[in-house]
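Please walk me through this structure.

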Amino acid sequence: MATIDSVSSPTDAHADDSHGHDHDHPSWLAHHFETPEQQFDSGKLGIWLFLVTEILFFSGMFCAYAILRMLRPEVFEGCSQFLNTKLGAINTGVLLFSSLTMAWAVRCSQTEEHKKLVALIATTLSCAMVFLGVKSIEYSHKWGMGLLPPGTYFYSAANEHPTAAQMVELHGFSESTAFFLTNSLYFLCAPFALIAAGVFIWLVVSKISGNAFQYACAKPLLVVALSFFGGVGLGTILESGGEHHGDEHVAAAGDHADAEHGDADHSHAVATVDHAEEVADESDANMVQTPLGDDYAAVKLLAENETNTGLKDLVVAEQTQQTMAEGKILKDSSTSDAGISTIPGNVNTPRQAGVFFGIYYCMTGVHAIHILAGIGVLVWLLIRAIRQDFNRHYFGPVDYVGLYWHIVDLIWIYLFPLLYLIR
Amino acid sequence: MSDHGHSANTDSAHSHDGHAEGDFAHPIPLPLLFGVFIALVFLTIVTVAQANFDLGSIDIAIVMFIATIKAVLVALFFMHLAFDKPFNLIVFLSSFVFVGLFVTITLSDAKMTSPANENIVDEVPVAVSVDL
């Protein structure tokens, strides 16, 4: 480590057990290995054993997923509608591409294309950052909506994006927690902004002081740090395209409920959903008012007719809501499925949906931690690649980090369909 | 350990031709890498597209099948297992044996269908009065 290359000058009369410098070994070949290949194979076996522990580690979470999904398939199906498939798909693509550049980087380290190696490792790093940027859009969006693990889950279709004051009032959060939940994107971006600023300062300082090596390191790292915000931008665009995702879900559920009475004519079905949303928009102070307003009497009259089952259900649902608003009792929700009262009854209760989001945050969060760790080792690799440490006999570190990176990709390959594509 | 300098030459000579010069590096040809990447992207599109169709109960099987093809492609080519020492493959696959044991044994008990177990808690009668 301390010496420079000393490939030549074989020793003649050295004591063998002195662990000084073995001068017939290149500096990168550890003393206890006889050939570069032996060193490489040992390292590779070591990293494979580590990857085995990683798989066993993740298998615990996949097992929990399997149990919970088996017990509550409808919860998983319903809640996965809240995950934006577009974001998941784009992240899959980003991760696959980073796997390609990583595999290519291993090749470049073997063929000693140093410039390309640096560029490819930097690309892999940038992809990792884009992935995290998209992820923080996903997380912050859900946190603001209250799609949280059990215990903290407070999503309500009536008020999808509550303000901080509402979170304190209605859901009993402390003011600082509510502030965090409504501004979580800024909190997630802050560390990356600090890193980007730090790297920029480093770049300027190294340029001014004329440190060519540090400048060469800071340049790609600044691109890497900034690509996080590229990911945030990408996520924002895609998320805004999928805005009111939850609304659609609720509306779809409402439609579904109406469709169950075959002869409810379409205009009334639409009216029901509209009115349901109207109720949702009003605060609970207005709950006692009839959602059907002035038309209520007319609707009631029409509902007298035996064949008009759609309207009959509407009236029943309306009455149920009245009772509920008066704070008395709510009975047998299964009979009145035209109102909104049944929708939370399905999957969107804190107790049930929280389980899905608990699993979601656990699996994707641990995966994101692995991405962060991968970023750490890739930065180390990038600096060594700039130093041109690797050659066709010594490319082990690139290969090992590559294998780790591919495992991270492999886990995402399973996570994506299991969480985002349930239907 | 004792006669380090020379035995290194002889040992490596019979394991590999040319001491330390044996090219154990196996650069994967670029067309293969790109081909695998394109296949992976294609399979991702397929798996997203199939989510739009209701395929019923085989849905999860199809999804997992596609994911497994992708995983095998990544493992064989990106992770070089196709060209690697077989022992690494054995180590890797052995982990899945234990994952399989873990998941199947746990799942077989998760439903708690044995009469010794109590009823599943959530199956309460539908009509229940709840005081708000």
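At the start of H3(A), a side-chain oxygen of Asn84(A) comes to within 3.0 Å of the backbone nitrogen of Lys86(A). Helices here are DSSP runs of H or I with at least four residues, strands are runs of E with at least two, and both are numbered from the N terminus. H3(A) covers residues 85-111. Its 27 residues reach 39 Å from first C-alpha to last, close to the 39 Å expected at 1.5 Å a residue; the expected span is 1.5 Å times one less than the number of residues. The helix is mostly covered, with 20 of its 27 residues buried (under 20% relative accessible area, 1.4 Å probe, protein chains only). Glu112(A) follows H3(A), and its phi is positive, near 60°.

This is a predicted model: local features need pLDDT of at least 70, side-chain atom pairs count only at pLDDT 80 or more, and totals for chains, interfaces and linings use all residues. Residues are numbered from 1 along each chain as written, chains are lettered from A and ligands numbered from 1 in written order, and side-chain values use heavy atoms, without hydrogens or water.

Now chain B. It has 4 helices and 1 strand, in the order α-α-α-α-β from the N terminus. Of its 132 residues, 30% count as buried.

Methods. Buried < 20%, exposed > 50% of the residue type's maximum accessible area, 1.4 Å probe, protein only. Polar contact = N/O pair within 3.5 Å; in protein donor to acceptor, adjacent residues only side chain to side chain.
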